[in-house]
Amino acid sequence: MSTTTTVTAYAAPAPKAPLERTTVERRAVRERDVRIAIAYAGICHSDLHQVRAGWGGEIFPMVPGHEITGIVREVGPGVTRHRVGDRVGVGCMVDSCRVCDDCRAGLEQYCAEVPVWTYNAVGKDGQPTYGGYSQEVVVDEHFVVRVPDALALDVAAPLLCAGITTYSPLRHWKAGPGRRVAVVGLGGLGHMGVQLAHALGAEVTVLSQSLRKREDGLRLGADDYRATSDPATFEELARTFDLVLNTVSAPIDFAAYFGLLRTDGAMVNLGLPEEPVQVHLQSLSGRRRSMSSSGIGGIAETQEMLDFCAAHGVAAEIETIRAEQVNEAYDRLLAGDVRYRFVIDAATL
Ligand code: NAP
Ligand code: ZN
Ligand code: ZN
């Protein structure tokens, strides 16, 4: 019979405090639960925003991590989708209401009751949720996806957030042959967005602060790579793109990027800055442009994205770290010093 387990984890004890080694309790598996031995956990910029209490409403102690891959170790009696030994992943959500219109449409991320996030949230049982910087996690089978054999667990981990967060809007805004897509920021999300937009058949341009990572961008599938520090970029690319995916974690000069959109083009802001942003709507109205945002993707679409990545040879480019390097990795991520995702090897916990 399953019992509660105590597992090693890395947690931030308080806002802005360094993460430290600790333990957390994982619940005994329920009817439809899967207990996963975590193999890898990616470090998303959202972890940084939340550990530093940048978005508001954070809960401490906090065990971040929502880019999780691992192996199923135990399943509840009612589980049908996964078996012991399966290679699986968990992203940003671990529960939702299941009955609202959005949940029924496979858009659990927009659940009317707000989904239960993988960490920094409170579960339907009233217990705080703890994320992937830990040895194990127990999750309802609906929120556990299959990692195809063609994807190694380390390079697959970042797909569970960075992958789906870029795949979902690329699909929704119909990136494909004949469509021009710009990806702003070549970081964790950006390097996935470039690969996915290219694999979907779109013409892709990277808009980065400098040309420092140009070779990488072209290798990842970009057709063009421009520096946003060069004003000529905005003149030369005026009215070029159908879709601009902005992955920058801080506010940028939105009007300048709206100018890059063709008539009916959309700028979709995936980066979630800590402060509100301001725009002049005139820069949109002139060409019926739109400004939007998008949150991760639903569970079925996450599975579709993983299968797409396996079929197209797409995966994250990672730097694997030991658990005790996590604070150093945060500083480097903040400084833009990562190509292109840090992934914690859970064996080092
Ligand atoms: P990241 O790895 O730090 O990448 C962000 C990139 O943006 C950097 O590599 C850099 O690229 C560029 N950048 C950074 N600061 C900039 C500045 N001040 N001005 C212009 N460009 C700058 O972060 P990430 O993990 O990809 O996450 C990016 C953002 O997406 C975060 O805000 C995160 O919370 C958010 N996010 C949202 C969702 C969602 O569902 N919407 C999901 C995951 C993450 P260059 O060096 O190429 O310029
Ligand atoms: Zn994330
Ligand atoms: Zn719902």
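Modeller: We may begin with metal donors: these are N, O and S atoms within 2.8 Å of the metal. Please keep in mind that this model is predicted.

Colleague: Which residues coordinate the zinc ion (ligand 2)?

Modeller: The zinc ion (ligand 2) is held by Cys44 through SG, His66 through NE2 and Cys161 through SG, at 2.0 to 2.3 Å. Water is not among the atoms, so sites may look incomplete. Along the chain, the donors of this zinc ion have the spacing C-x21-H-x94-C.

Colleague: Where in the chain do Cys44 and Cys161 lie?

Modeller: Cys44 belongs to the loop between strand 3 (33-43) and helix 1 (45-51), while Cys161 belongs to the loop between helix 3 (153-156) and helix 4 (162-172). The two are 117 residues apart, and the pair links distant parts of the chain.

Colleague: Are Cys44 and Cys161 buried or exposed?

Modeller: A residue counts as buried under 20% relative accessible area. Cys44 has 3% and is therefore buried; Cys161, with 5%, is buried as well.

Colleague: How is the second largest pocket lined?

Modeller: A pocket may be described by its space and its lining. The second largest pocket holds about 460 Å³ of space and is lined by 22 residues. Nearest its centre lie Arg27, Asp125, Pro128, Thr129 and Val138.

Colleague: Which strand gives the most to that lining?

Modeller: Strand 8 does, with 4 residues. Strand 2 (20-26), strand 6 (93-95) and strand 8 (136-140) each supply at least two. By kind, the lining residues divide into 11 charged, 7 nonpolar and 4 polar.

Key:
Residues numbered from 1 in each chain as written. Chains lettered and ligands numbered in written order. Predicted model: local features only at pLDDT ≥ 70, side-chain atom pairs only at ≥ 80, totals over all residues. Heavy atoms only, no water. 1 Å grid on protein atoms, 1.4 Å probe; cavity = no way out; pocket = protein on both sides within 12 Å on 5 of 7 lines; lining within 4 Å. Points joined across faces, edges and corners; volume = space filled by probe spheres on them. Nonpolar A, V, L, I, M, F, W, Y, C, P; charged D, E, K, R; others polar. Donors = N, O, S within 2.8 Å, 3.2 Å for Na, K, Ca; no water. Buried < 20%, exposed > 50% of the residue type's maximum accessible area, 1.4 Å probe, protein only.
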